[in-house]
Amino acid sequence: MTLTGKRVLLIISGGIAAFKALELIRLLRKQGAGVTCVLTDNGAQFVTPLSLQALSESKVYAELFSLTDESEMGHIQLSRAADLLVVAPATANILAKMANGLADDLASTVLLATDKPVLVAPAMNVRMWLHPATQANMATLTGRGVQVVGPDEGAMACNEFGPGRLAEPPEILAAIESLLSPASRPLSGRHAIVTSGPTHEPIDPVRYIANRSSGRQGHAIAAALAALGARVTLVSGPVNVPDPAGVSVRHVETAAQMLDACQTALPADIAVFAAAVADWRMDQAATGKIKKQPGAAPPSLHLVPNPDILATIAAAGPHRPRLVVGFAAETDDLLDNAQSKLRRKNADWIVANDVSPATGIMGGADNAVHIISADGIDHWPLLAKDEVAKRLAARIAAALA
Ligand SMILES: Cc1cc2nc3c(=O)[nH]c(=O)nc-3n(C[C@H](O)[C@H](O)[C@H](O)COP(=O)(O)O)c2cc1C
């Protein structure tokens with residue numbers, strides 16, 4: 001029984017898949033969870049309160065203005081008593097209400113009043129799911145840390161095919177277990193700072209020095225640490241990848257701003273510096289656009305070194321994070337350079353990757369890394385950047401256990 005003593009508030013909204021909530025309740029009860037159901041008016045068109053009550057063995061709530069429940073401020077009490085709120089199925093309508101803070105019935109009021117983690121299992125017609133309004137609402141919700149399971153892809157009740165099917169109840173149960181079981185969140189209570197992406201160092205108001213970093217690896221690491229329960233501050237340079245869910249993001253442009261954001265985010269238990277920080281910046285960026293003069297020589301750029309974020313944060317001191325991980329992106333003598341970086345910068349581990357153009361790693365989807373520490377070198381095979389992130393997060397959790 002993986003969920004003994006845990007309380008789930010299950011909100012069932014008005015989708016054709018509402019009947020699957022019955023199976024979910026059965027699975028949750030089997031794992032020892034207490035389940036209280038909140039049913040929307042439209043949800044009650046698809047599944048009866050009586051079935052929900054019989055399976056959950058608890059009173060089912062549907063009315064915002066029920067005298068007995070509200071004398072005890074039922075809508076607040078319901079969320080206080082729960083460890084997790086689950087919306088399954090979550091209609092396009094309830095997701096839109098959540099994204100916009102509407103509270104016009106008991107389900108949406110409880111969702112607005114809660115400070116507990118929320119998991120949604122969207123289920124709807126494929127065009128409703130792919131509609132830009134629904135996608136924008138989902139981006140808003142995940143940006144606020146709402147967890148999502150599904151939707152799955154497949155044949156639908158409306159005779160169409162595509163993404164929009166409710167995740168199967170065992171899949172929803174697994175997502176609930178991973179959110180509620182301490183073993184799956186070994187980093188809970190820990191704070192991690194992660195940097196990601198390139199930095200832009202201005203030459204003048206319109207030009208800048210940059211590099212090809214996409215932010216994919218750093219963002220994936222932030223997401224993987226958050227999935228293991230860490231509170232994550234992601235300090236990101238300018239990137240095109242979306243902010244990961246459940247992570248607090250500081251957007252910066254220059255190396256100096258990145259260092260400042262990292263120092264402000266301290267104290268932390270873990271720091272992972274995956275950003276490709278520019279080594280140099282202009283001594284003095286021009287305040288106006290540098291003009292091309294006919295016949296004149298091109299301007300020479302006078303560069304000065306940027307602050308070294310890894311070495312600054314890894315330096316011994318009261319605020320040094322317990323585990324400091326740097327990245328080494330090299331095109332030559334990868335392991336030698338990475339080993340000397342480990343010592344020079346006082347890092348605990350260096351994640352070394354070969355960013356020669358032939359590898360396709362810089363900006364690509366995959367990465368082949370070597371983890372260098374005082375104990376030796378671990379060579380990992382070529383993996384998707386998400387997979388590298390998960391392995392690294394698991395290694396960090398093991399090191400801090
Ligand atoms: C037969 C039928 C099936 C429906 N299935 C879905 C569905 O799977 N997903 C969805 O988002 N809306 C579905 N709807 C539309 C919702 O019921 C409607 O948007 C309603 O306002 C949702 O209310 P609620 O979110 O308060 O439960 C369906 C409507 C009907 C009549």
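Modeller: In helix 11 (residues 255-265), the buried residues (20 or more other C-beta atoms within 10 Å of their own) are Ala-255, Met-258, Leu-259, Cys-262 and Ala-265. This is a predicted model, in which local features need pLDDT of at least 70 and side-chain atom pairs count only at pLDDT 80 or more, while totals for chains, interfaces and linings use all residues. Residues are numbered from 1 along each chain as its sequence is written. Viewed down the axis of helix 11, the buried residues fall within an arc of 130° (taken from the directions to their C-beta atoms), so they line one face of the helix. That buried set is covered by elements including strand 9 (191-196), strand 10 (201-202), strand 12 (231-236), strand 15 (280-282) and helix 12 (309-314).

Elsewhere, the axes of helix 1 (residues 20-30) and helix 2 (residues 49-56) come within 9 Å and cross at roughly 15°, and the two helices are therefore roughly parallel (under 35 degrees) to each other. Leu-22, Ile-25 and Arg-26 in helix 1 meet, with C-beta atoms within 7 Å, Ser-51, Leu-52, Leu-55 and Ser-56 in helix 2, and the residues of this contact divide into 4 nonpolar, 2 polar and 1 charged.

As for helix 5 (residues 92-100) and helix 6 (residues 106-113), their axes come within 10 Å and cross at roughly 35°. Here Ile-94, Lys-97 and Met-98 in helix 5 meet Ala-107, Ser-108 and Leu-111 in helix 6, a contact whose residues divide into 4 nonpolar, 1 polar and 1 charged.

Terms used. Axes are lines fitted to C-alpha atoms, for helices over the stretch in contact, and angles run from 0 to 180 degrees between N-to-C directions. Helices (H or I, at least four residues) and strands (E, at least two) are DSSP runs, numbered from the N terminus. Two residues are in contact if their C-beta atoms, placed from the backbone, lie within 7 Å. Ala, Val, Leu, Ile, Met, Phe, Trp, Tyr, Cys and Pro count as nonpolar, Asp, Glu, Lys and Arg as charged, and the others, Gly among them, as polar. A residue is buried if 20 or more other C-beta atoms lie within 10 Å of its own, exposed if 12 or fewer, and partly exposed in between; C-beta atoms are placed from the backbone. Angles under 35 degrees count as roughly parallel, over 145 as roughly antiparallel, 65 to 115 as roughly perpendicular and the rest as oblique.
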